[in-house]
Each structure stands twice: as structure tokens, then as C-alpha cells.
Amino acid sequence: MSNTRDGFQSRLGFVLASAGSAIGLGNIWGFPTQAANNGGGAFLFVYLVVTLLLALPALYAEIYLGNQTQKNPVSALTYACRDKMPKVGRYAGIIGLCGAIMMLSFYTIVAGWMLAHTLSPIFQFFGQTEAAQWLASSSTWRNIIFTPIFIILGAAIVHQGVHGGIEKWSSRLMPILLLMLFGLIGYILQQDGASEGLALYLIPDFSQITDPELIVSAMGQAFFSLSIGVGGMMVYGSYIEKGRDLGKLVTSIAALDTFIAFIAGLLIIPALFVAQHAGQEVFANNKLIGEGQLIFQILPTLFDSMGSIGLLIATAFFALLSIAALTSTISSTEVPVAFLIEEKKINRQKATLMVSAVVLVGSMTIVAFFDVLFGAVIRVLTTIMQPLMCLFYFIVVGWLWQRGNKLTDSSVLAQNKGLALLGNYLRFVCPVLLTIVFINVAF
Ligand code: PHE
């Protein structure tokens with residue numbers, strides 16, 4: 001079986017695909033918004049601390065599980081729990097798989113907004129003002145049209161396979177994303193008002209640092225940003241050769257993700273101050289005026305005020321967000337697709353079609369009951385499912401999984417001090433830290 005399994009052909013391909021999964025709307029929209037709302041540099045500082053202490057080890061545990069077992073997340077967790085509680089492993093795997101579907105159901109809606117906003121300035125440029133305005137304003141019809149388009153874009157990549165689709169497209173899209181991001185930062189930082197934004201972002205207001213809400217938000221943001229807890233990283237980990245030097249690979253993925261979140265802040269926060277400088281209302285009582293307004297109102301108005309270069313900047317900005325969302329979407333799609341291929345012996349094309357159909361039903365249900373479901377699905381996924389799945393990974397890797405697990409094998413650990421330290425950290429410290437933060441979130 002393992003000989004015929006599709007996979008990444010290079011370590012770089014794996015790192016780019018995983019970084020592509022991690023780098024998404026969470027980095028370019030979520031992180032700067034949270035930072036602007038939570039004391040700028042103070043949020044950045046706490047975010048770095050929780051990433052190092054918890055999110056990075058969780059990412060390691062998830063990728064390690066996939067890599068050691070060389071299986072899709074449901075089979076991987078069943079296998080890892082086979083001695084002590086195989087059923088629990090399997091159910092957890094299926095819950096993770098549902099998490100991936102939930103993620104896709106809301107994420108493809110938001111990604112559809114990005115696509116529509118990418119097209120809007122192009123229509124504007126060709127004098128189609130009405131169409132441009134329709135594309136730039138939220139409506140149920142816009143969701144009904146653009147969400148499926150985005151689902152199809154993701155499916156078109158996934159159905160080409162891991163090497164031929166995911167690796168190839170991640171390797172193409174990630175450098176484009178980086179170039180666009182740097183280009184946009186270079187432009188925005190030259191505008192009047194940008195330096196005020198830089199100061200807010202980079203000089204921490206340490207009075208906010210002990211605020212439990214800030215710590216909890218930073219953790220949720222870190223878990224979402226590193227795509228932990230839905231199996232996407234696990235399935236990618238299973239597509240590289242077993243026993244690769246995971247520590248280095250995992251650290252580079254987390255470093256890339258954190259770096260992009262950081263530099264997205266260098267774009268968005270100064271852009272807000274440029275907009276304020278140009279006469280727009282951006283902050284009220286030190287808080288941003290509505291998170292959605294940031295991307296969809298404040299920045300577009302700013303781009304509008306720049307004349308025709310603004311149209312180009314606007315398209316580039318939203319194309320950047322669309323690309324980031326696309327590479328995140330494909331990792332979550334791969335979770336149920338890999339499960340259907342490996343456990344249900346369905347071919348990749350059919351599996352991708354089936355998963356896309358389920359995601360379409362999920363997303364359209366959210367569109368139909370938007371006010372009730374949209375926020376609720378995001379909250380359940382990010383504040384309950386992702387942290388609990390991470391806790392489960394720590395317990396599996398540190399306690400439940402014995403045979404074939406280097407991290408619980410005393411003869412391996414006796415010879416490798418670094419691994420022993422990591423094993424103990426994952427066993428004892430991570431579950432306790434995570435439980436403390438989780439209790440804070442839930443109550
Ligand atoms: N990490 C992605 C982002 O930052 C979102 C994501 C979450 C992707 C869970 C896959 C799985 O936007």
C-alpha cells in the first residue's frame with residue numbers, strides 16, 4: 001500500500017504546501033485585526049510566546065502522527081490508539097474530519113468574498129460600475145455564486161493528486177503570494193500616516209499583556225493560523241518519507257507562518273492609519289470599527305482614493321487573500337479525500353467530487369441561516385474542536401501510543417536526550433497548559 005501512495009516529492013514541496021495550509025485568511029486578516037485591537041505589539045509578543053510554548057509542539061505532534069503512521073488522519077489515530085483504545089482513536093479521527101468539513105464550509109464563503117473583491121476593481125476599470133458595486137457588496141446571491149466557484153477551484157487542485165496538484169500548485173502560488181505581499185507593503189509604507197501605524201504595531205503596550213482575554217485570543221489565533229486540529233497537517237505529514245527530520249521541517253513551517261502573520265501586520269495596520277490620515281474613521285475608543293469593515297470598507301475606500309493605481313492595488317490585495325485562502329482550503333479538503341481513497345477505496349476524482357458536494361451543502365446551509373450559523377460554526381471549531389483535538393494529539397503521542405512511537409520508547413529516549421526532553425514536554429507540560437487555557441476559553 002505505502003508504495004503506491006501518492007506523496008510530496010521534495011522536502012521543499014512539503015514545507016511550501018504546509019506553509020500554504022497555514023498561511024491563510026487567519027494570517028492576513030485575522031492576525032493584524034487582533035493585533036490592532038489588542039495593544040499592537042503586546043499581542044504580537046503574547047502570540048509569539050503561545051506559538052512557541054503550545055502551538056509549535058501541537059503542530060509537531062500532528063505532523064509526527066501522520067508521518068510515523070503514513071496514514072490518513074482517521075486511520076492514523078485508530079492505529080496510534082490500537083493497543084489501548086482503537087475506537088476512541090477512530091472517533092477522534094472522524095471528529096477531526098468533521099472539523100475539516102466545518103472549516104471548509106465557512107472558509108469557502110469568506111474566500112468567495114475575496115474572489116468577488118478581486119474582480120470588482122477589474123469591472124470598475126472597464127467602466128462596469130454597477131457590476132463592480134455588486135461584487136463589492138455582500139449579498140446572499142454573491143455567496144451563492146462565489147462560494148461554489150471557490151470550492152471548484154480547490155477541488156480542481158486536489159483532484160490532480162498530492163504531487164501533481166497540491167505540491168505543484170503550492171510551489172507556484174506561495175512565491176506569488178510573497179511577492180505580492182512585499183510589493184503591497186512597499187507601497188503602503190510610503191504613504192502619509194503609515195509610520196503611526198508602524199509605531200502602534202511595533203511598540204508593545206505591555207499594560208495589556210496579562211489580560212486573560214488577550215492570551216486566549218492569541219492562542220486561538222495561533223492554533224487556527226497553524227491549521228492545527230483538523231488533520232490537514234497530519235495528512236501532509238503522512239506524504240513525506242517516514243522519519244524525516246521533522247523538528248526542522250515543523251519549525252520552518254511555523255516560522256514561515258508567523259513571519260507572514262507578522263509582515264501582514266506591517267501592511268494592514270499602517271494601511272489603517274493611511275486611511276485615517278485620508279479622513280476615514282477607523283478607530284473608536286481604541287478599537288477598530290468592526291472587523292469586517294476593515295477589509296471590506298476601510299481598505300477599499302482607501303484604494304478608491306488612490307485613483308487608477310488604487311484599482312491595481314485593490315485587485316492585488318484581494319488576489320493575495322484569495323491565493324492564501326486557496327492553499328489553506330486544499331489541505332482541509334485533502335483530509336476527507338485521503339480517508340475516502342484509503343479506507344473506502346474510492347478513486348481520487350470521485351472522492352474529491354463527493355467531498356466538494358458535502359462542503360457545498362455545508363456552506364449553503366450556513367448561507368441560508370447566516371446570522372445564526374456563521375459565527376457559531378467558527379466559534380465551535382476554533383474555541384472547542386481545535387483545542388480539544390490538540391489535547392487529544394498530546395495524549396496520544398505522549399501516553400496512548402506505545403508500539404512504533406519513538407516518543408514513548410524508553411530505549412530510544414535513553415539514547416536521544418533531545419527527543420526525551422521533547423517527549424516529556426509533550427507528555428506533561430502541553431496537556432496541562434492547554435487544559436488551563438481551554439478552561440479559560442470555555443468558562
Ligand atoms: N491556517 C489557515 C489560516 O490561517 C486556516 C486553516 C485552519 C486551514 C484549519 C486549515 C485548517 O487561514
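1. Rings of Phe, Tyr and Trp (its six-membered ring) pair if their centres lie within 6.5 Å; planes under 30 degrees apart count as stacked, over 60 as edge-to-face and the rest as tilted. In this structure, one aromatic cluster is formed by Trp29, Phe106, Tyr107, Trp113, Phe224, Phe296, Phe303, Phe317, Phe318, Phe370 and Phe374.

2. The model is predicted, so local features need pLDDT of at least 70 and side-chain atom pairs count only at pLDDT 80 or more, whereas totals for chains, interfaces and linings use all residues. Residues are numbered from 1 along each chain as its sequence is written, and side-chain values use heavy atoms, with hydrogens and water left out.

3. A search of the whole structure finds 26 aromatic pairs. Phenylalanine 182 and phenylalanine 259 form a tilted pair, 6.5 Å centre to centre with 45° between the planes. Phenylalanine 182 belongs to helix 8 (residues 162-188) and phenylalanine 259 to helix 12 (residues 246-277), so the pair ties together parts that are 77 residues apart in sequence. Helices here are DSSP runs (H or I, at least four residues), numbered from the N terminus.

4. The rings of tryptophan 399 and phenylalanine 428 have centres 5.4 Å apart and planes at 90°, so this pair is edge-to-face. Tryptophan 399 lies in helix 16 (residues 370-400) and phenylalanine 428 in helix 18 (residues 417-442); the pair therefore ties together parts that are 29 residues apart in sequence.

5. Serine 328 sits in helix 14 (residues 308-344). With 3% relative accessibility, serine 328 counts as buried (under 20% relative accessible area; exposed is over 50% and partly exposed in between, with a 1.4 Å probe and protein chains only). Leaving aside residues up to four places away in sequence, serine 328 touches Gly20, Ser21, Ile23, Gly24, Met103 and Tyr107, where contact means heavy atoms within 4.5 Å.

6. Serine 227 is buried at 13% relative accessibility, whereas lysine 345 is exposed, with a relative accessible area of 61%.

Technical notes. Helices (H or I, at least four residues) and strands (E, at least two) are DSSP runs, numbered from the N terminus.
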